[in-house]
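This briefing goes through sheets, an interface, salt bridges and backbone details. Please keep the sequence and the model open while reading.

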Amino acid sequence: MAKCTIDGREVEFVAGTNLIEVAAKAGIEIPYFCYHPGLSIVAQCRMCAVEIEKMPKLQTACSTPATEGMVVKTRSDRVRQNQKSVMEFLLINHPLDCPICDKSGECDLQDQSFKYGDPYMRYTEERRTYLDLDMGPVIKKNMNRCIHCTRCIRFGTEVAGIHEMVAVQRGSNTEITTVDGRPLETDYAGNYSDVCPTGSLTLKDFRFRKRAWFLKKTPTVCEGCSRGCNMEIHQDANVIYRCLPRTNMEVNKYWLCDEGRFNYHYVNQEDRIVLPTLQAGESYQPTDWNQAIDQAKAVFNGKKLAILVGTDLTNEEAIQLQTFLPKQFGNAPVFHFGTPGIASTQDDAPADQILKRKSRTSNLNGFEKLGFKGFESLPAGIEAVLVIRGGRAEIPKFAAGVKVVGLGVFHTAENPGFEVVLPGTSFAEKDGTIVNFEGREQKLKRSINPRGQCKQLPEILMMWMNRGMSAGVAS
Amino acid sequence: MIMAQQHEPMYIQYFNDECRPLSFYLEKMNGYAASKKAFGMSQDDIINEVKKSNLRGRGGAGFPTGMKWGFIPKQSAKPKYLVCNADESEPGTFKDRDLMRYTPHLLIEGMLIAAFAVGAHHGYIYIRGEYTREAKLLQIAIDEAYAKGYLGKNVQGSGFDFDLTVHRGAGAYICGEETGLLNSLEGKRGEPRVKPPFPAQAGAFGGPTVVNNVETLTAVPYIINKGGEWFSALGKVEKSGGTRIICVSGHVNKPGLYEINAGSMTVRQIIDLAGGVLGGKKLKAVIPGGSSAPVLTADEIDVIYDIEPLMKVGTMMGSAAMMVVSEDYCMVKLIQRITKFYAHESCGQCTPCREGCKWMEDVLERILHGKGREQDLNLLLDITDNIAGKTLCALGDAAAGPVASFVKKFKPEFEAYIRGEKHG
């Protein structure tokens, strides 16, 4: 392997790797703002400039690939002086509003200011200010905080495939904005906030809800579609505040779509049915677990039953059901369901040219591998249905008169008209394995405790079995 | 337009309207003979002839033209391009305007030869947006050339195809920087690119590209007609061939274009050539190479006016735009105006230039308005240090160099403002 020397240490590298990455691998931090490993290199923030032997000028590490025998200094006086001066230039017009800025605590500009900046401020002129712009429902823009790194512009054109973020004006008046001030259109807009190294582009969804340092982070996988993008759930006191992408070069690189990012909302939504519930007229009546199970059994008693299992459940849950269902319900037909029109992985395909897949549930592939059949329509004569789902699989419409019991995550706003709901756990409240469209097994990790009286599937199944005899089911 | 002595000048005698048409170019200027000759030469021979001529880029950087052409790969999967930088945006420069206005065919023929030498079949003249008249005149000349077979398919029966397009800029200084120009040409925001790749590797539309200044290209027909050695001999200092058109402006009695043999005169002699300082006043300063060149004091003007000698005294020849300042003009006002220009024209990509130029402008303006502080001068010098050499393109240096030189060389004038003895 080729070698170069960074700060006196010999470092191996793969040809073509830039100095920021080569140094990072050796544990040497070269600070930067405009560089992003998933975006093109513009070398314009100038923060990553380093000294390279035999080159008279400082060179930007982001745009310089390491070469055999190259001797690099990242902490020389000249390099430090440049870092100090870039920090000064970036901060002369940056508002000192960290105390009320959402990025505070996880802000590149703030962190690097502490590490590389000078606490003394020489700037006495009036600071530059911009008018605000509404960029639509996802992103809140605060141009005064912007350091013109253009990562957002590059994310839009290079990843999201839409040229909606632009730079207008010139020089010190440069403004990063949208074309004609229009709202953002991409359904990947949340990433604009992720790539922003300051508090210029923040998520409206997360704004002012929680300081970053209070958040507990759980690495998990998005359940929004069959890709299974890697992400982190950020929660505090059992409340999810946001989900952020987690880098996985083979699945989602650095990105997450808005649908996946904001999918978590249903977990905390107020109308989620978190207590065992009986139907009473148009409204739902909470009850206790025993009564609910008894009532469910009563509903099924003597009826011809079919069982629908959501492909938003985990492999572990699927296997438990494979044991449980025949024991309890004999040969009642079992189908998996999730996305209308996507009855099997054959029907699944990319939904855009970025990340999204047509199957809007995460474990279609897993269920298929375990031998579950896809739901298309109820067999003739079915009088009752048990719907088991994680929270995202789309419930089919049943003919009037078909009695339905729900097990899992449901919302009153869905108005499913079920006889009984046995509240289960969402993807954020359990551990488990899901299999994405390409057969990659990935782990869901529990980040919060189940809400209300919601229970894990095995516990509900055990309660069902222990509650008297199995319901008599017409064959 | 005044001719200097010595050799017959190359351009300036043609700077009138009668010289513009193709007919004049063919009859009186041996027009399109050089290209015909070039078509009979090998590409390497042409490039070698240009190397021998010691022709150096006339846009400001002074890079040897033959060497630049030599960087273009012989084989390329993508089309190669020749781009003429006619943006002429450096304040004080107005030579390319007259070259295009009066001798457009010299430029077209120069481009034809250059394109043949590097194997480009499409050329662009990226012309400053403000030059509406010149853009029209160039188009007329190009149409003439197409009509007579000097452009287009199979030029002059040589089998070589060459198309030429005039592309008007939209009024940004930064589009005179070659990679900013290429971005603008491609319809993008006029921002310099990260180098490498250099234009010779990946320039316009990703193809290998030569970018040459107008005056550089107009020298090419002469070099092919009369030989590289002839051209080189016109230059009176080492490594600098041909003549130079100098744009003299400011406080002289006869501002205008002067053509001299490269390196044949000192700054002082050129001021004399332009009729001396306006109104017989004393000289205070000279900005020798466009507003981005560090200033010379009246004591420093006995330097030969050419690339290397000026570099040795810490300034540059740039685009040969000499601005003369007389004794009663305020240097603080002057540098404030120059800095305002660079702050306005900074593209805004690089942190030091975007923030630093405006900061310098603000500090200078404050000084000018009697609100200067003692530490401001050191602050200004610090800012120039933090900009110079730390940006993608040379605009940062262009802004920093003058400020540093003004503050260092005319410190008492700044101090007078700071002490409140003078007001803007």
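The points below are grouped by topic.

The model is predicted, so local features need pLDDT of at least 70 and side-chain atom pairs count only at pLDDT 80 or more, while totals for chains, interfaces and linings use all residues. Residues are numbered from 1 along each chain as its sequence is written, chains are lettered from A and ligands numbered from 1 in the order in which they are written, and side-chain values use heavy atoms, with hydrogens and water left out.

Chain A has an open sheet of five strands with mixed pairing, and chain B has an open sheet of four strands with parallel pairing. Between them, chain A and chain B bury about 2600 Å².

**Sheet of chain A**

- The strand order is E2-E1-E5-E3-E4; helices (H or I, at least four residues) and strands (E, at least two) are DSSP runs, numbered from the N terminus.
- E2 and strand E4 (59–60) of chain A are the edge strands, each with a single partner strand, so one side of each has no neighbour in the sheet.
- Strand E3 (residues 49–52) of chain A pairs with E4(A) in the antiparallel sense over two bridges, where strands pair if DSSP finds at least two bridges between them.
- Ala49(A) has Thr60(A) in E4(A) as its bridge partner.
- H2(A) packs on the sheet and touches E3 and E5 of chain A, its direction making about 165° with that of E3(A). Axes are lines fitted to C-alpha atoms, for helices over the stretch in contact, and angles run from 0 to 180 degrees between N-to-C directions; contact means heavy atoms within 4.5 Å.
- Strand E1 (residues 2–6) of chain A is joined by five bridges to strand E2 (residues 9–13) of chain A, and the two run antiparallel. Ala2(A) is opposite Phe13(A) in E2(A).
- The hairpin of E1(A) and E2(A) has two residues between the strands, and Asp7(A) in the turn has a positive phi of about 50°.
- E1(A) also runs parallel to strand E5 (residues 71–73) of chain A, with two bridges; Thr5(A) is opposite Val71(A) in E5(A).

**Sheet of chain B**

- The four strands are ordered E4-E3-E2-E5.
- At the edges are strand E4 (163–168) and strand E5 (209–213) of chain B, each with a single partner strand, so one side of each is left without a neighbour in the sheet.
- From one strand to the next, the twist averages 20°.
- Strand E3 (residues 122–127) of chain B and E4(B) run parallel and are joined by six bridges, with His122(B) opposite Asp163(B) in E4(B).
- Helix H7 (residues 132–147) of chain B lies across E3 and E4 of chain B and runs at about 170° to E4(B).

**Interface of chain A and chain B**

- Contacts link 32 residues of chain A with 32 residues of chain B.
- Of the buried area, 50% is on carbon and sulfur atoms; buried area is the accessible area (1.4 Å probe) that two parts lose on being put together, summed over both.
- Phe89(A), Arg122(A) and Arg170(A) supply 29% of the area that chain A buries against chain B, more than any other three residues.
- Four salt bridges cross the interface, a salt bridge being a side-chain nitrogen of Lys or Arg within 4 Å of a carboxyl oxygen of Asp or Glu.
- In the salt bridge of Glu125(A) with Arg366(B), the closest N and O atoms are 2.9 Å apart.
- Helix H2 (77–92) and strand E7 (165–168) of chain A each supply at least two residues of the side of chain A that touches chain B. H2(A) gives the most, with eight residues.

**Salt bridges over all chains**

- The whole structure has 54 salt bridges over all chains.
- Arg467(A) and Asp294(A) form a salt bridge through their side chains (2.8 Å, N to O).
- Arg467(A) lies in the segment after helix H11 (457–466) of chain A and Asp294(A) in helix H8 (residues 289–300) of chain A, so the pair ties together parts 173 residues apart in sequence.

**Backbone details**

- Lys195(B) and Pro196(B) are joined by a cis peptide bond with omega about -5°.
- The peptide bond from Pro196(B) to Pro197(B) is cis as well, with omega near 5°.
- Pro196(B) is in the loop between helix H8 (178–185) and E5 of chain B.
- Asp180(A) is not a glycine, yet has a positive phi of about 55°; Asp180(A) is in the loop between strand E8 (175–178) and helix H5 (190–195) of chain A.
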